[in-house]
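User: I am learning to read protein models and would like to go through one slowly, feature by feature. Could you give me the general idea each time, and then the case at hand?

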Amino acid sequence: MKKTRIIIPLVIVALIATLCILRWQAWFGKIEEPPYNTPDTIDRLVINMGATGFNSRTITWRCGDSLQPAELHLKLENTKDITTIPAEGTIVTTDGGSNAYYKVDITPSQGYYMYQVVTGEHTSPWYHLHVVEQANHCAFLVSGDIQDIERSVTDTIFQALYKRYPQTDFLLLLGDVIHRPIDNSWNLWFNEIDTIAACLPHIANCGNHEYYKGRKGDIDPRWCHTFTHPNNGPDNVKAQSYYLDLPSMRLIVIDTQGLKRLRDYRRTKQWLKELVDNNTQSFCVVALHHPLQSQSIGRYGIWERLYFKKTLEKVDLVLQGHDHSYARTCTKQHNEKNTPINIVTTNSEKHYLSKCRRKADRIACGERLYEYIEVNENQMTIYTYLTDKYTLYDKIHIEKDENGNNTVTTEDALSDEQLLMPKKYEGKRNYKTIRYNRCRELRREALQIRAEQ
């Protein structure tokens, strides 16, 4: 008995030490940012959904490394009358250099506008700004992790999405937009998103790759001055959590990476509960980077599941990233699909191996996807598409009756599940690939039995 009391703690310590050795670089290995010079021109222009209603917008940009007089020019399309609005400037310093960021808050009435920004002697081109609210209707695009290391097809994808959905209200980013909090990663992202960021409003959730590694683990300050949000998050939690009330929908964004202490989780849990319980919109949607239930091998959403699962059982849709694979799971009640609907999605060339959970209604591995979501007063439809040929991969519809009860229907005529072996794992035989091959074999067998019933 005495030996057992000694051996068990030693084994636990050994396992923890081994895990720390294996994961030290991933958890704490900070990448040094090379020195950079901020160009003395206007760049990194982004239009964000604002904090004071559906019509409000916050426009941010960067210009040089020292503050200059700056302003925004706004006019209705096909008119010459220009309104000038002064901008607020801030110096943002990182290990590699300094940046001068600017922002302007506007709340124009509904209409089609043009705007440009001016900083010192520099003037941007004119960009489109549409503020058109349809009663009880909202439509938006969702992108999971992007996290490109080098130039890829991301720019082609976003250009195509912008053309395919001209009436979309905003783009929701689920975190890990950049690969690392260094200037080169930011340059890559803005080269890929191009002028779309200046025309299509953004709602952004940060992920772990927007944070510095190490003991403090602070967020990259460039993120906070690029993607803005309402200041209505949980008290005394230094995280990018917030909510917006949109037509027929309350959207709650939780910065899971910014929760460093148990008290942060507790405060965010209480904040979330109050928002969900007091929601007066038809639907409630929650976006967070880390999934409640991880879908990729070697990942676990312990804290998110422990603190948020019970409250999130009351919402309609939970959108998640981080796992670099796709999974959609409906809540099952009496063998019928119900809400909340949990979706883990990815829009990255970086793929992880799926656990191929049998409880999931639809999964994908080795594919890039995006979501297009339409919300009306009593209906929500979620379309998931593959980005290679923009083909429909998944579809789910929620109908809400006058008592607030949901009826969930799914598209049955869908193509076979895409359970690919990502290139980085091809030809490798290890624990992950062996498990993945076995899991997807069992998944396919289960789907075959389900189809025959």
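User: Where is E33 found, and is E33 buried or exposed?

Analyst: In this predicted model, E33 is found in the loop between α1 (2–28) and β1 (42–49). Burial is read from the relative accessible area, where a value under 20% counts as buried. E33 has a relative accessible area of 9%, so E33 is buried.

User: Which residues is E33 in contact with, leaving aside its neighbours within four places in sequence?

Analyst: With those neighbours left aside, the contacts of E33 are T94, D95, G96, P181, I182, D183 and R222. Take D95 as an example of sequence set against space: E33 and D95 are 62 residues apart in sequence, and their C-alpha atoms are 6.1 Å apart in space.

User: Which residues does N205 contact, again leaving aside neighbours within four places in sequence?

Analyst: N205, which is found in the loop between β12 (202–204) and α5 (221–226), has a relative accessibility of 0% and therefore counts as buried. Its contacts beyond those neighbours include L173, L174, G175, W223 and Y242, and also H289. For a separation of another kind, consider N205 and D65, which are 140 residues apart along the chain and whose C-alpha atoms are separated by 26 Å.

User: How should I read two helices that pack together, and at what angle do α6 and α7 pack?

Analyst: Two packed helices are described by the angle between their axes and by the distance between those axes. Here helix α6 (residues 262–277) and helix α7 (residues 302–312) pack at an angle of about 15°, and their axes are 9 Å apart. Because of that angle, α6 is roughly parallel to α7. The crossing of these two helices, α6 and α7, is right-handed.

User: Which residues of α6 and α7 meet?

Analyst: On the α6 side they are L262, Y265, R266, T268, K269, L272, K273 and V276, and these meet W303, E304, Y307, F308, T311 and L312 in α7. Sorted by class, the contact of α6 with α7 has 8 nonpolar, 2 polar and 4 charged residues.

User: What does L275, another residue to look at, touch beyond four places away in sequence?

Analyst: L275 lies in helix α6 and, with a relative accessible area of 9%, is buried. Not counting residues up to four places away in sequence, L275 touches Y243, R250 and I252. L275 and E336 are 61 residues apart along the chain, and their C-alpha atoms are separated by 27 Å.

User: How many aromatic pairs are there, and how do I read the geometry of the rings of F158 and W189?

Analyst: Rings of Phe, Tyr and Trp pair if their centres lie within 6.5 Å, and planes over 60 degrees apart count as edge-to-face. By this rule there are 18 aromatic pairs. The rings of F158 and W189 have centres 5.9 Å apart and planes at 90°, so this pair is edge-to-face. F158 lies in helix α2 (residues 154–164) and W189 in helix α3 (residues 183–193), so the pair ties together parts that are 31 residues apart in sequence. F158 counts as buried at 4% relative accessibility, and W189 is buried with a relative accessible area of 2%.

User: How are the planes of Y265 and W303 set?

Analyst: Their planes are at 40° and their ring centres are 6.1 Å apart, so the pair of Y265 and W303 is tilted. This pair links distant parts of the chain, with Y265 in helix α6 and W303 in helix α7, 38 residues apart. Y265 counts as buried at 8% relative accessibility, whereas W303, at 41%, counts as partly exposed. Elsewhere, Y165, Y370, Y372, Y383, Y385 and Y390 form one aromatic cluster.

User: What should I look for in the backbone, for instance in the phi of N136 and the peptide bond from T339 to P340?

Analyst: Most residues other than glycine have a negative phi, and most peptide bonds are trans. N136 has a positive phi of about 65° although N136 is not a glycine. N136 is found in the loop between β9 (127–131) and β10 (138–143) and is partly exposed, with a relative accessible area of 38%. D176, also not a glycine, has a positive phi near 50°; D176 lies in the loop between β11 (170–173) and α3 and counts as buried at 1% relative accessibility. The peptide bond from T339 to P340 is cis, with omega near 5°, and P340 has its place in strand β18 (residues 336–344).

How values were computed. Residues numbered from 1 in each chain as written. Predicted model: local features only at pLDDT ≥ 70, side-chain atom pairs only at ≥ 80, totals over all residues. Heavy atoms only, no water. Axes fitted to C-alpha atoms, helices over the stretch in contact; angles between N-to-C directions. Helix = DSSP H or I, 4+ residues; strand = E, 2+ residues; numbered from the N terminus. Parallel < 35°, antiparallel > 145°, perpendicular 65-115°, else oblique. Left-handed = near helix turned anticlockwise from the far one by under 90°. Contact = heavy atoms within 4.5 Å. Nonpolar A, V, L, I, M, F, W, Y, C, P; charged D, E, K, R; others polar. Phe/Tyr/Trp six-rings, centres within 6.5 Å; stacked < 30°, edge-to-face > 60°. Buried < 20%, exposed > 50% of the residue type's maximum accessible area, 1.4 Å probe, protein only.
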